[in-house]
Amino acid sequence: MANSPQAKKRARQNEKRNEVNKARRSRIRTYLRKVEEAIESGDKDAAKAALQAAQPELMRGVTKGVFHKNTASRKMSRLSSRVKALA
């Protein structure tokens, strides 16, 4: 358990950041799931639209430190290639 005032404050801050990051990660996963569902249904237009909506959310997660840059790039690359394959 934290004993010094500084450590207690850091513990409080960590709890708050954890909640914010959890919400962000959940929001991004929702966007990615929408893309996945559109791909599964075979609707190319819906998949394209969902992908375009998901990209800024994913990159925002990178700037906020929720995801690593390469992870986001890999996810976008794989999803876009799957959307492209729908013909």
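Tutor: The discussion takes the helices in turn, then their contacts. This is a predicted model, in which local features need pLDDT of at least 70 and side-chain atom pairs count only at pLDDT 80 or more, whereas totals for chains, interfaces and linings use all residues. Residues are numbered from 1 along each chain as its sequence is written, and side-chain values use heavy atoms, with hydrogens and water left out.

Student: What makes the span of helix 1 agree with its number of residues?

Tutor: Helices are DSSP runs of H or I with at least four residues, numbered from the N terminus. The expected span is 1.5 Å times one less than the number of residues. For the 37 residues of helix 1 (residues 5-41) this gives 54 Å, and the end C-alpha atoms are 54 Å apart, so the two agree. Just after helix 1, Gly42 has a positive phi of about 85°.

Student: Why is Glu57 called buried?

Tutor: Buried means under 20% relative accessible area, exposed over 50%, and partly exposed in between, with a 1.4 Å probe and protein chains only. Glu57 has a relative accessible area of 9%, and is therefore buried. This residue lies in helix 2. Contact means heavy atoms within 4.5 Å; leaving aside residues up to four places away in sequence, Glu57 touches Arg27, Ile28 and Tyr31.

Student: Which residues of helix 1 are buried, and what covers them?

Tutor: Ile28, Leu32, Val35, Ala38 and Ile39 are buried in helix 1. Their cover includes helix 2 (44-63) and helix 3 (69-85).

Student: Why are helix 1 and helix 2 called roughly antiparallel?

Tutor: Axes are lines fitted to C-alpha atoms, for helices over the stretch in contact, and angles run from 0 to 180 degrees between N-to-C directions. Angles under 35 degrees count as roughly parallel, over 145 as roughly antiparallel, 65 to 115 as roughly perpendicular and the rest as oblique. The axes of helix 1 and helix 2 come within 9 Å and cross at roughly 160°, and the pair is therefore roughly antiparallel. Their contact includes Leu32 and Val35 of helix 1 and Ala50 and Ala54 of helix 2.

Student: How do you know that helix 2 and helix 3 are roughly antiparallel?

Tutor: Their axes cross at roughly 175° and come within 10 Å; helix 2 and helix 3 are therefore roughly antiparallel too. Among the residues that meet there are Leu51 and Leu58 in helix 2 and Met76 and Leu79 in helix 3.

Terms used. Helices (H or I, at least four residues) and strands (E, at least two) are DSSP runs, numbered from the N terminus.
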